[in-house]
Amino acid sequence: MTATAPRPFGRTLCAMITPFTATGALDQDAARAHAARLVAQGCDGIVLSGTTGESPTTTDAEKSALLRAVRAEVGDGTPLLSGVGGPDTAHTVRLAREAEEAGADGLLVVAPYYSRPPQAAIEAYVLRVAESTGLPLMLYDIPGRTGVRIEPDTLLRLAGHPRVVAVKDCSYDLLGSTRVIARTSLAYYSGSEELNLPLYAVGGSGYVSTVANVAPRQMRAPLDAFDAGRTDEAARLNGLTARLVELMMASGLPGTVTAKALLDAGPVREPLQPAGRGATDGLRAAYEELLAA
C-alpha cells in the first residue's frame, strides 16, 4: 500500500452478519458479543446492515437498534458504518438520517438496484444522500447484485463532493479501480476477498470482508505482512485463505448463509435458506484447516 492511501474508516473492516434468535428476532446480545470479538481479533471497523447483514429483510427499526447496540458495545473508537442504500432515493435518505441519529460514523450507499438507472441518475442519487446528513459516504459498487455499475467516470465526478470519501469495490475491474485511485483521494476498499491483496498492492486502503466474520486475524495477516515489506509472506498468507474464501463466497451460497453456518448465529431470513449438511461440513473442514495453518 502506498504511504498516502487514505483510511477514513480504518483498514480491515468486517461486513458483519446480523444475528437472529431461534424465532427470527434481532438478537442484540449476540450482535454485541460478535462485534466485540471482531474488534478484539483485529477488525478496525464494522459495516452493519450491508448485504451480509441481510439489509433487504431487516426493518428500519431493526437497523437502528442494531447500530445502537453495537455502538454501546464497541464505544467510539471503532468506526461503524450502516448500509442505507436501496432502490428508493427517499427511503435511502430517511435511513441515512436515522443512521446518523443512531450513532453511525459513515454510510454504505449501494447503487440503486433493480431499476438499473443511468449514470446521471446514480450520480444524482448519491448527491441527494450526501447532502442529507453530515456523515461521510462509502459508495458500494457491486453490479453483480444491483444490475448497474457506478462507472469510473461517475466516481471521478462524485469524488469532488467532500462527503464522498470511499468505495467498496466489487466491480471486478482492477484497471478501472486503479484509474480512480490514481486520480482521486477516494479510499478504495476491496469487497471481494480474492482481490483484497491485489487491490491493496495498487493503492487500496483495505477491505470490507464477509469472511472476516469467521477468520478476522487470518484475513488481516496478508495486509500486515505487505505493510511490513514481506511481500512473499503476504502472498503465502493470502493463499492460505483461498479455500475458505472459495467455499464461503463462490460456492453458490450467499456469504451470509455460509458465515452463519460457521458461526451458529441463528437463522437467515427468507427467501434465504440455511446451508445444508454437506455444505456446512465442507465449510467447517476448510475453516479448521485455515486455523491450523
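The legends below describe close-up views of a predicted model. Local features are reported at pLDDT of at least 70 and side-chain atom pairs at pLDDT 80 or more, whereas totals for chains, interfaces and linings use all residues. Residues are numbered from 1 along each chain as its sequence is written, and side-chain values use heavy atoms, without hydrogens and water.

**View 1. Helix 1 and helix 2 cross at roughly 45 degrees.** Helix 1 covers residues 28–40 and helix 2 covers residues 60–74; helices are DSSP runs of H or I with at least four residues, strands are E runs with at least two, and both are numbered from the N terminus. The two axes come within 9 Å. Axes are lines fitted to C-alpha atoms, for helices over the stretch in contact, and angles run from 0 to 180 degrees between N-to-C directions. Helix 1 is therefore oblique to helix 2, where under 35 degrees counts as roughly parallel, over 145 as roughly antiparallel, 65 to 115 as roughly perpendicular and the rest as oblique. The crossing is right-handed, meaning that the near helix is turned clockwise from the far one by less than a right angle. Helix 1 contributes Gln 28, Ala 31, Arg 32, Ala 35, Ala 36 and Val 39 to the contact, and helix 2 contributes Ala 65, Leu 66, Ala 69, Val 70, Glu 73 and Val 74; contact means heavy atoms within 4.5 Å.

**View 2. A network of salt bridges links Arg 7, Arg 11, Asp 44, Arg 220, Asp 224 and Asp 227.** A salt bridge is a side-chain nitrogen of Lys or Arg within 4 Å of a carboxyl oxygen of Asp or Glu, and the count by this rule is 17. Arg 7 and Asp 227 pair with an N to O distance of 3.4 Å. Arg 7 is in the segment before strand 1 (12–15) and Asp 227 in helix 9 (residues 216–227), 220 residues apart. Arg 7 is partly exposed at 37% relative accessible area, and Asp 227 is partly exposed at 38%; buried means under 20%, exposed over 50% and partly exposed in between, with a 1.4 Å probe and protein chains only. Arg 220 and Asp 44 form a salt bridge at 3.2 Å, N to O. Arg 220 lies in helix 9 and Asp 44 in the loop between helix 1 and strand 2 (45–48), so the pair ties together parts 176 residues apart in sequence.

**View 3. Glu 246 and Arg 243 form a salt bridge within helix 11.** The closest N and O atoms are 3.1 Å apart. Both residues lie in helix 11 (residues 242–249), three residues apart, about one turn of the helix. Glu 246 is partly exposed at 41% relative accessible area, and Arg 243 is partly exposed at 45%.

**View 4. His 161 is buried in the loop between helix 6 (152–158) and strand 6 (164–169).** The relative accessible area of His 161 is 11%. Leaving aside neighbours within four places in sequence, His 161 is in contact with Leu 127, Ala 130 and Glu 131.

**View 5. A cis peptide bond joins Glu 270 and Pro 271.** Omega is about 20 degrees. Pro 271 lies in the loop between helix 12 (255–263) and helix 13 (277–292). Asp 264 is in the loop between helix 12 and helix 13. Asp 264 has a positive phi of about 55 degrees although it is not a glycine, and is exposed at 69% relative accessibility.
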